[in-house]
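Have the model open while you read.

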Amino acid sequence: MAEIEVVERRSADMPAAILAGIVAGLAFVIAEMLLVPMFLGGSAWGPPRMIGAIVLGPEVLPPPATFDGFVVLAAVAFHLLLSVVYAIVFALIARAWGLGLAVLIGILYGLLIYVVNFYGMTAFFPWFADARNWVSIFSHALFGAVLALVYKARQRVPHVAPAI
């Protein structure tokens with residue numbers, strides 16, 4: 001009798017990664033916009049303006065940190081694009097992990113992104129140094145946890161055919 005060789009898929013599930021990046025990116029922005037005014041006394045529009053300033057320039061930074069539709073749209077679009085890129089990298093790493101390990105590593109991944117963004121990227125975007133606080137740390141950890149949860153929930157597991 002001939003044996004059937006089953007080849008396990010080793011690539012990441014890209015549709016799941018893209019969805020996870022979008023959901024985690026939105027969770028991050030919502031957390032920032034809620035927690036900054038609640039706990040730090042800042043404006044909910046401050047975080048989107050800081051992100052928007054990456055693509056639009058520092059002239060969109062507060063004060064005043066008021067609503068500007070164009071700035072918010074640019075910030076969310078750029079942030080979601082970056083979140084999807086981060087999600088694809090994460091999916092390539094986490095594709096074979098179980099849920100618990102993926103969430104733990106996702107949180108650490110979010111914290112690594114925080115360090116890169118708020119310490120490394122400040123050479124290019126110095127206004128991020130002003131946002132080194134527990135809300136930003138928490139939001140990045142939340143991003144990583146949500147990223148892992150959504151990716152693992154949506155990841156298609158390859159069907160393994162039984163050997164004959």
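1. Start where Ser-83, Tyr-86, Ala-87, Phe-90, Ala-91 and Ala-94 in α3 meet Phe-143, Leu-147, Ala-148, Tyr-151 and Lys-152 in α5. Contact here means heavy atoms within 4.5 Å, and helices are DSSP runs (H or I, at least four residues) numbered from the N terminus. By class, that contact has 9 nonpolar, 1 polar and 1 charged residues.

2. A word on the source: this is a predicted model, where local features need pLDDT of at least 70 and side-chain atom pairs count only at pLDDT 80 or more, while totals for chains, interfaces and linings use all residues. Residues are numbered from 1 along each chain as its sequence is written, and side-chain values use heavy atoms, with hydrogens and water left out.

3. How do α3 and α5 pack? Their angle is about 60°, with the axes 11 Å apart (axes are lines fitted to C-alpha atoms, for helices over the stretch in contact, and angles run from 0 to 180 degrees between N-to-C directions). That makes α3 oblique to α5 (under 35 degrees counts as roughly parallel, over 145 as roughly antiparallel, 65 to 115 as roughly perpendicular, the rest as oblique).

4. Now look at α1 (residues 14–40) and α3 (residues 69–94): they pack at about 130°, axes 7 Å apart. So α1 is oblique to α3 as well.

5. Last, α1 and α5 (residues 134–154) have axes that come within 8 Å and cross at roughly 155°. That makes α1 roughly antiparallel to α5.

How values were computed:
Helix = DSSP H or I, 4+ residues; strand = E, 2+ residues; numbered from the N terminus. Nonpolar A, V, L, I, M, F, W, Y, C, P; charged D, E, K, R; others polar.
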